[in-house]
Amino acid sequence: MPELIELDQDQVAEEFFRRGWTDGLPVVPPTERAVDAMIATVDLERDDIVGGIARRNRWVSVEQAAVNAVMAGCKPEYFPVVVAALAASLDPAFNAHAAWTSTGGAATCVVVSGPLAEEIGMNSGHNALGAGNRANATIGRAVRLVARNVFGAAVGNMDASSLGNPGKYTLCFAESEPAAPWSPLRVQQGYDVSDTTVTVMATESPRQVANHLSEVPEQVLRTIVSAMKVAANFPVGKGGQAMVVLGPEHALALTQAGWTQQQVREFLARESRLTPEELVANGVPIEVNSQHDMAPGPDGKLPAMNSADDVYLVTAGGAGPGWSAYIPSFAPIHHVRAVTRKVRTLGEAMPDCGPDACEIDLSKFASTSTSV
């Protein structure tokens, strides 16, 4: 039996710091009552498995997820979103083994799309990517605490981040519903408009994109393209994914000009292609006989985005003179992919493996991905 220690409320944070169970910030004491309140919001038993990383032989139970959600400061009504985010993060396509421990220091970017986001008070407007909203901050933090406390992704253990990333504390926000005829992210990913989904992507830090002077669609998008082609981003030239977060003015300029989301995705993927010479001129050699295919296509160019479908269009942010954001994946698609899951609350089976629900099959966690 593990040693039981009686702690006063004000001693909990210090003891958790001492044991290495925090992300550097104080935590909320995970009392039995608080953990039970989390679990009561989902139709799962406390010892049910949310997901795991087979190559580490580690799995996270509903109870472990609830403990870390309490520690992160979540309200119970946030917990179904946390469970969906964890299920998505532990899909083999996401490759949490690499994403949570790589030298690249990836954040788990969590985007919530659907009516539940508003119900639980998530922020999709001003400062959506920043501080100040409890739901945004604590849902993302809960995912990272699970990565740290259950899967060992801590500095000095399995987190090999060379520099790190402030988004590793939390990078979580809600999508604003786009103006018609555009579809929200959940519908773009094959779900119903009445659903709420969580999309996770292993990303670098967000890059703010400013174009205050033009409402011409091509000019707005070329400003975003300029961020996409930066050779310092590891996936550039190899093909990655990205969240393109369109602020209100940029989204309005595109919709009023009649551009469809598919046209936007295709433009960004096409125009962000670059020549081998452009990479070499910025100090990045062309890899030969490596795990990355850097052979130029028929156009003589290399991809920043693997395909138009790998550009995830999200609308968020508050009114201003013209701001958007570009959040690139931290590694090429060969290593990591974004994953979407439906959020399921009481009365609904979990987890969800796509538009068609499925039961957890532990064999699906067999590792085939290459670590970065």
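Which residue in β5 is the bridge partner of cysteine 109? The legends below come from a predicted model, and the first view has the answer.

**View 1. Strands β3 and β5 side by side.** Cysteine 109 has methionine 201 of β5 as its bridge partner. That pair sits where β3 (residues 107–113) and β5 run antiparallel, joined by seven bridges. Helix α4 (residues 79–89) packs on the sheet here and touches β3, β5 and β10, with its direction at about 45° to that of β5. Helix α7 (residues 134–149) packs on the sheet too, touching β3 and β4, and its direction makes about 135° with that of β4.

**View 2. The open sheet, strand by strand.** Read across, the four strands go β4-β3-β5-β10, with mixed pairing. β4 (172–174) and β10 are the edge strands, each pairing on one side only. From one strand to the next, the twist averages 20°.

View 3. Strand β5 (residues 197–203) and β10 run antiparallel and share four bridges. Look for valine 200, whose bridge partner in β10 is valine 339. Now follow the side chains of β10 (residues 339–342): Val339 and Arg341 point one way, Thr340 and Lys342 point the other way. Buried or exposed, these β10 residues? All of them are buried, Arg341 and Lys342 included.

**View 4. Helix α4 against helix α7.** The two helices pack with their axes 10 Å apart, at an angle of about 45°. That angle is why α4 counts as oblique to α7. Their crossing is right-handed. On the α4 side, the contact uses Val81, Val82, Ala85, Leu86 and Ser89; on the α7 side, look for Ile139, Ala142, Val143 and Val146. Sorted by class, that gives eight nonpolar residues, one polar and no charged ones.

**View 5. Helix α3 against helix α7.** Here the axes of α3 (residues 62–72) and α7 come within 8 Å and cross at roughly 125°. So α3 is oblique to α7, and the crossing is right-handed. α3 brings Ala65, Asn68, Ala69, Met71 and Ala72 to the contact, while α7 brings Thr138, Arg141, Ala142, Leu145, Val146 and Asn149. The class count is seven nonpolar, three polar and one charged. Keep an eye on Ala142 and Val146 of α7: they are part of this contact with α3 and also of the contact with α4.

**View 6. Helix α9 against helix α11.** What angle do α9 and α11 make where they pack? For α9 (residues 217–228) and α11 (residues 261–271) it is about 45°, with the axes 9 Å apart. The pair is therefore oblique, and α9 passes α11 in a right-handed crossing. Glu218, Leu221, Arg222, Ile224, Val225 and Met228 of α9 meet Val264, Phe267, Leu268 and Glu271 of α11. Split by class, these residues are seven nonpolar, no polar and three charged.

**View 7. Helix α10 and its neighbours.** Along α10 (residues 248–256), the buried residues include His250, Ala251, Ala253, Leu254 and Thr255. What do the buried residues of α10 pack against? Their partners are the strands β6 (207–210), β7 (242–246), β8 (311–315) and β9 (323–328), plus helices α9 and α11. After α10 comes glycine 258, with a positive phi near 85°.

Key. Residues are numbered from 1 along each chain as its sequence is written. This is a predicted model: local features need pLDDT of at least 70, side-chain atom pairs count only at pLDDT 80 or more; totals for chains, interfaces and linings use all residues. Side-chain values use heavy atoms; hydrogens and water are left out. Buried means under 20% relative accessible area, exposed over 50%, partly exposed in between (1.4 Å probe, protein chains only). Two strands pair if DSSP finds at least two bridges between them. Axes are lines fitted to C-alpha atoms, for helices over the stretch in contact, and angles run from 0 to 180 degrees between N-to-C directions. Angles under 35 degrees count as roughly parallel, over 145 as roughly antiparallel, 65 to 115 as roughly perpendicular and the rest as oblique. A crossing is left-handed if the near helix is turned anticlockwise from the far one by less than a right angle, and right-handed if clockwise. Contact means heavy atoms within 4.5 Å. Ala, Val, Leu, Ile, Met, Phe, Trp, Tyr, Cys and Pro count as nonpolar, Asp, Glu, Lys and Arg as charged, and the others, Gly among them, as polar.
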